[in-house]
Amino acid sequence: MVAPCTHASATPGRRRLDCDRLFDAARLAMRKVYAIGIGTGNPDHVTVQAIKALNRVQVVFLLDKGDDKADLATLRRDICERYIEGRPYRVVELEDTPRDPSVPCYEARVAQWHERRLARYERAIAEELADDAAGAILVWGDPSLYDSTLRLLEAVRQRGHVSFEYEVIPGISSPQVLAASHKITLNRIGGAVHLTTGRRLASAAAEELDDVLVMLDGECAFSTIPDADLDIFWGAYLGTEHEILISGPLAQCKGEIVRARSAARAEHGWIMDTYLLRKRPAS
Ligand SMILES: C[S@@+](CC[C@H](N)C(=O)[O-])C[C@H]1O[C@@H](n2cnc3c(N)ncnc32)[C@H](O)[C@@H]1O
């Protein structure tokens with residue numbers, strides 16, 4: 001917050017100018033955090049807008065998710081090296097502890113995990129960014145989709161312990177890459193698309209939806225739902241050199257997807273997959 005300007009000045013017009021300058025200086029001095037969508041694993045997904053933002057920051061914050069996901073941290077570093085040109089920047093790693101499996105309630109488990117992340121972000125912004133500096137958080141895919149960065153930044157801002165502003169740079173999300181790789185549109189003409197998680201798929205399927213886009217499905221929920229009139233368009237490691245695509249009638253493909261998923265996960269140590277379930281029109 002900028003305190004109101006109270007100093008005296010010879011003339012009202014002059015005084016307004018002085019105040020404007022003070023406000024501008026304060027605005028310029030404000031810390032800034034860019035939440036930058038970086039796409040889903042292909043450095044070419046990074047937009048020109050993202051590159052311009054990257055070239056304004058002094059600090060890049062990286063969430064360290066452990067060895068299993070070292071590939072993802074390496075990609076983020078590669079993006080910085082490739083696109084930040086001729087200016088120094090620091091990489092600050094923020095350790096990300098996993099959710100505590102001993103907390104039985106899912107919502108409580110996520111809330112605790114977010115609280116720990118919030119404290120970490122707050123400390124990092126306060127301690128690592130000078131008053132007039134800018135930092136970047138590189139967000140997988142697009143920040144608007146199943147990602148807590150924006151909620152956390154707003155919560156840190158609302159707590160008011162550290163003042164900063166933030167800006168969101170959109171990125172290419174996994175549903176977009178899925179659609180491009182399979183050469184499909186996500187909706188049918190004038191139709192709706194239901195976006196959900198593996199955990200919620202069973203209830204979404206029960207709602208008689210035509211097109212359902214599923215993310216965050218570690219349990220292969222597609223293999224447990226009635227499959228008679230559904231096609232699946234499945235993709236893993238979308239946008240990366242390891243991309244795997246399988247599509248066809250769910251009844252025929254689900255076994256192959258479960259096997260491919262488990263083999264790829266064993267090989268790489270991690271997997272991210274997304275899929276569209278499409279109801280076949282009644283013939
Ligand atoms: C925490 S969410 C993040 C989503 C991300 N913000 C986005 O815009 O795609 C992680 C989920 O996104 C999907 N996902 C992200 N990257 C992917 C990729 N390269 N290939 C397939 N699915 C991906 C998976 O469903 C994964 O479980």
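Gly239 counts as buried because it has 22 C-beta neighbours inside 10 Å. The cut-offs are 20 or more other C-beta atoms within 10 Å for buried, 12 or fewer for exposed, and partly exposed in between, with C-beta atoms placed from the backbone. This is a predicted model: local features need pLDDT of at least 70, side-chain atom pairs count only at pLDDT 80 or more, and totals for chains, interfaces and linings use all residues. Residues are numbered from 1 along each chain as its sequence is written.

**Around Gly239**
- Gly239 sits in the loop between strand 8 (230–236) and strand 9 (244–249). Strands (E, at least two residues) and helices (H or I, at least four) are DSSP runs, numbered from the N terminus.
- Gly39, Thr40, Gly41, Asn42, His45 and Val177 touch Gly239, not counting residues up to four places away in sequence. Contact here requires C-beta atoms, placed from the backbone, within 7 Å.
- Asn42 and Gly239 are 197 residues apart in sequence, yet 5.1 Å apart in space, C-alpha to C-alpha.

**Overall make-up**
- The protein has eight helices and ten strands.
- Of its 283 residues, 29% are buried.
- Among contacts between residues at least 6 apart in sequence, 68% join residues at least 24 apart.

**Nonpolar cores**
- A nonpolar core is a set of buried Ala, Val, Leu, Ile, Met, Phe, Trp, Tyr and Cys residues joined through C-beta atoms within 7 Å.
- The largest core holds 28 residues; Tyr34, Ala35, Ile36, Ile38, Ala136, Ile137 and Leu138 touch the most other members.
- Two or more residues of this core come from each of strand 1 (31–37), helix 2 (48–54), strand 2 (59–64), helix 4, strand 4 (134–139) and helix 5.
- Strand 4 gives the most, with five residues.
- Leaving aside neighbours within four places in sequence, Leu138 contacts Ile36, Ile38, Val60, Leu62, Arg76 and Ile79.
- Another core, of 22 residues, lies apart from it; Ala179, Ala205, Phe222 and Phe233 are among its members.

- Helix 4 (residues 106–128) has 23 residues and should span 33 Å at 1.5 Å a residue; its end C-alpha atoms are 32 Å apart, which agrees. The expected span is 1.5 Å times one less than the number of residues.
- Arg117, Tyr121, Ala124 and Ile125 are buried in helix 4.
- His114, Arg117, Leu118, Tyr121, Glu122 and Ile125 of helix 4 meet Leu152, Leu153, Ala155, Val156 and Arg159 of helix 5.

Key:
Contact = placed C-beta atoms within 7 Å.
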